[in-house]
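Keep the view open while you read.

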2 protein chains.
Amino acid sequence: MSVTAAQGFSAAGIAAGIKESGNPDLALVVNNGPRRAAAGVFTSNRVKAAPVLWSEQVLKGGEVTAVVLNSGGANACTGPQGFQDTHATAEKVAEVLEGHSAGEVAVASTGLIGILLPMDKLLPGIEQAVAALSEHGGEKAAIAIKTTDSVHKTAVAGGDGWTVGGMAKGAGMLAPGLATMLVVLTTDADVEAPALDAALRDATRTTFDRVDSDGCMSTNDTVLLLASGASGITPEQGAFAEAVRAVCDDLARQLIGDAEGASKDIRIEVINAATEDDAVEVGRSIARNNLLKCAIHGGDPNWGRVLSAIGTTKAAFEPDQLNVAINDVWVCKNGGVGEDRDLVDMRYREVKVTADLAAGTESAVIWANDLTADYVHENSAYSS
Amino acid sequence: MSVTAAQGFSAAGIAAGIKESGNPDLALVVNNGPRRAAAGVFTSNRVKAAPVLWSEQVLKGGEVTAVVLNSGGANACTGPQGFQDTHATAEKVAEVLEGHSAGEVAVASTGLIGILLPMDKLLPGIEQAVAALSEHGGEKAAIAIKTTDSVHKTAVAGGDGWTVGGMAKGAGMLAPGLATMLVVLTTDADVEAPALDAALRDATRTTFDRVDSDGCMSTNDTVLLLASGASGITPEQGAFAEAVRAVCDDLARQLIGDAEGASKDIRIEVINAATEDDAVEVGRSIARNNLLKCAIHGGDPNWGRVLSAIGTTKAAFEPDQLNVAINDVWVCKNGGVGEDRDLVDMRYREVKVTADLAAGTESAVIWANDLTADYVHENSAYSS
């Protein structure tokens, strides 16, 4: 499992003292080759953390030899000093690993915005992490990147003789509690950077990009895919892309399942849309409707709130042709009252909302969480 | 105060039995002339309640002789039967008032979506309301349109010899708990429909349209302005528009101050924007950021969440030139750490967030509320 499931990678997770709690807070993933191809996707937030700005540059070269990740501080909104700190972190990794170039070391950070990282702890921590590198270090790396995560998150998939593994932290692509989503995927498949990039973009578009726990977009979201080529096998692109997608989907579901304060995972499927963009727009609007999220928390199949959310979009539909099912009971038909809402069983953690736009043949699934008092408590006290 | 502050209007508020609680649930406002000019603005939600579809048609004629409003049911997503019920309601008002035409009777409803109104109670209630009409009935009308409102809401303004009065219900333009915003304004100024319309659109654009309690847009929002001409005075348009704006602003602030479960009113001012649209887009993005709303509830001046919200917009700005003040303390300067956040005093109900985009000279103010456990409780149990 995790980033060392694939051959050709070593990893470590250690406590550098960045977190006051003394919990693990520094992870290192090293690609031992022979190939060092890489692809990455990053937050679309225009306010980007220093490590995002750095790693975007690194990824342009298509090669990454190591990724260093810290929890305990996002290094976002930290100005020129923050960027210098990220640069110094990459330089330190390159120096201690020997034979590496800082320009091929990606950096990711997560934690509070607006606070400089304690470099006097982080830099010695890198020496400690390099000393701890192991081909079995994937779990420890996954643990070291946790912030408000209750569990560490890993996944694996693959084909005959090759593997895709990964780790993630966070509670949604769209950052609850500043719990930035960081993901590192590794593979021993022998795949060049452009093919990695294509597979990764395809995968994230329908997995991490369709997780919307609380509507809040992070400054630090980073998803990296590193290929070592150590298996010596170049899979057919479709099979490889599917494995990457499977790992992303697995990790995305784990993020939703561990979202801060959530008591329900909401699977929103929009069907019969005119276009996929329409389906995604409607799904997001439903996912972000606080009133619906509260109703689902209360076990209330309040379909009126689904319709009012659909009505705020520009998607193609006629109000009197909309149908809505909650847990497969079509409580709204033709824009009005449908089957008996008392038939809806909402006792389980997963709740399905199906919105039928009756306007075409496209569809999309968005995952969201309910809105709970626990979410409010956790996020009203995070930084104070 | 309320809709009978201006001359030429009578009103009533009675209990028709629509609400199971037995509380007042039916209001009637009648324009006794001599003029019957009117203007209206309605929800931009594409899923519109039957009374909205009806009243939009009525307002096209530019004349309204009476407005009938009910709480206890929104008559939204109720199909053809719901529209017939609205039509029958207007017909009944016209019939009982005598000499009125149903085509000049506006209808507004508020309450749960997806439930037909009990017409066997509503229609006899109209007879009761007509019998109770009084030139001092404005307060009772304001009380009868409450749903989850804790207080009824009225306001008044005016000039030499003329008056604008109004009543409102709801807890935000963007409907908390389906608490649709309904507003009726009246004036005895002698103003024709086009001038009423201009004044009303100007006023709502910068008042009700900039209240964003919980990001959820209603299916029923209705704001009407009726002119009786009973004062015989035609004010200068600027003075009249300012009075209408003042009443709208007063009522909008009352809506925010009474928002469900809220403990803070958040005044978000976006300054130095390139365009007013940019300022509004950024203000709304901040207003809808659940993480920031939680932080403010917890008394935490978490400016990182403001920046991450700004970063999701398309407005013109450079990340390293953004400045943010909370209660006038510039906690973020040039996109990084500014003044000491411990200087921010957040003990009071009103919290000011100022976002300086450093991109121009335009500005806008958006009002929002914090996100609290009480909001979750109230809205997870509303219909069950």
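A:Asp190 is partly exposed, with a relative accessible area of 23% (buried means under 20%, exposed over 50%, partly exposed in between; 1.4 Å probe, protein chains only). Its side chain meets that of A:Arg35 in a salt bridge, that is, a side-chain nitrogen of Lys or Arg within 4 Å of a carboxyl oxygen of Asp or Glu. The two residues lie 155 residues apart, A:Arg35 in the loop between β2 and β3 and A:Asp190 in the loop between β8 and α5 of chain A. Helices (H or I, at least four residues) and strands (E, at least two) are DSSP runs, numbered from the N terminus.

This is a predicted model: local features need pLDDT of at least 70, side-chain atom pairs count only at pLDDT 80 or more, and totals for chains, interfaces and linings use all residues. Side-chain values use heavy atoms, leaving out hydrogens and water, residues are numbered from 1 along each chain as its sequence is written, and chains are lettered from A and ligands numbered from 1 in the order written.

Over all chains, 38 salt bridges are found.

| Pair | N to O distance |
|---|---|
| A:Arg35 and A:Asp190 | 2.5 Å |
| A:Glu276 and A:Arg210 | 2.6 Å |
| B:Glu242 and B:Arg245 | 3.2 Å |

A:Arg210 counts as buried at 8% relative accessibility, whereas A:Glu276 is partly exposed at 25%. B:Glu242 and B:Arg245 sit three residues apart in helix α6 of chain B, so about one helical turn separates them. Salt bridges also link A:Asp149, A:Lys153, A:Lys169 and A:Asp258 in a network.
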